[in-house]
Amino acid sequence: LTAMTDRNGDGQFLPFIDLSSDVYSVTLDLTDPYRASAEDVRIYLGASQPGLCTIQGTVNLAEPTVAQNVSVSALSADAFSSGADPQALLTQLQNGYQMLTNSTDIAYPYAITDLNPGRYVPVAVLTGFGSGGLAMNFLANPLSSVNLTAGQTATANFQFGPVTLSGLVTFTPATTPTGLTYAIVAAKSVSLFTGIEGVLMPTVLIPVDATHLQGGYAGQSLRGSSTFQLRVFTSLDAQNPMTAALAWVVNPFAPEPAHATLATGSGAVSQDISLP
């Protein structure tokens, strides 16, 4: 059985690959007329089974972006609460409905199916390679969660911005580190209306003299006309820099101050950061 779908209305039907549903095996016996076919087999293409729920919508980019990964996850309502496990949140953000961007499209429709009734926070994630490794940009609005009842379909659309961000991190550690030193540059913009945009950008810090380490970072598809706070988390800190950065981004009242603040317009912005 092969389900076919026309993803963008161009008349070209492609195989639909379902990576989330359970796998069922049907044994056929061509020598037995009573076991030579499979009956009552159903394929739910972009729809949920009876009694379950669906979140659907479109993830929009400002311009075509090649070979990036777009995913949408339906998180529990308490995923962004204080005290939530950042490692569990990171795992959930890396899963979900997956799409690969191309050189022509800016709109990517999605459907998350077979959800149990309850309250969810839809989150869109754009992942691609920055200057120091795999960078992540995500959009979430915990104040606009959806409360699904049995059989309901909700709509959640997302709009990534046109702004690219780059910069240089200069770090002066208390003692000369041994081995590889890396960091996560976290940028966040928080609004009551649009929610949270969080950007996690890795960088490798390389010695430039006897006391200083430096590394470049980059991120993309940030919202325009917004104010972002930036903070750097290094591998020399007590916590894992990725989970520490994520915890800081999702907590609007995080006690750690920003290392820098910048305003975005409609194009590229740059921000260098120096750590004591």
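Strand 3 (residues 53–60) runs parallel to strand 11 (residues 158–159), and two bridges join them; strands are DSSP runs of E with at least two residues, helices are runs of H or I with at least four residues, and both are numbered from the N terminus. Two strands are said to pair if DSSP finds at least two bridges between them. Within strand 11, Phe158 is the bridge partner of Val59. The model is predicted, and local features need pLDDT of at least 70, side-chain atom pairs count only at pLDDT 80 or more, and totals for chains, interfaces and linings use all residues. Residues are numbered from 1 along each chain as its sequence is written, and side-chain values use heavy atoms, with hydrogens and water left out.

With strand 10 (residues 153–155), strand 3 pairs in the parallel sense over three bridges, and Ala154 is the bridge partner of Ile55. The pairing with strand 6 (residues 107–115) is antiparallel and extends over seven bridges; here Gln56 stands opposite Ala111.

In the protein there are two helices and 19 strands. Of the contacts (heavy atoms within 4.5 Å) between residues at least 6 apart in sequence, 74% join residues at least 24 apart. Buried residues account for 39% of the 276 residues, where buried means under 20% relative accessible area, exposed over 50%, and partly exposed in between, with a 1.4 Å probe and protein chains only.

The largest nonpolar core contains 24 residues, and Phe80, Leu89, Leu93, Val123, Phe138, Leu200 and Leu246 have the most contacts inside it. Two or more residues each are given to this core by helix 1 (86–93), strand 7 (118–129), strand 8 (134–140), strand 13, strand 14 (195–207) and helix 2 (241–250). Helix 2 supplies the largest share, six residues. Such a core is a set of buried Ala, Val, Leu, Ile, Met, Phe, Trp, Tyr and Cys residues joined through side-chain atoms within 4.5 Å. Leaving aside residues up to four places away in sequence, Leu89 touches Leu75, Ala79, Phe80, Leu246 and Val250.

The protein exposes about 14800 Å², of which carbon and sulfur atoms supply 54%; accessible areas come from the Shrake-Rupley method with a 1.4 Å probe, and for residues only the protein chains shown count as cover. Leu180 lies in the loop between strand 12 (163–171) and strand 13 (181–191). Because its relative accessibility is 63%, Leu180 counts as exposed.
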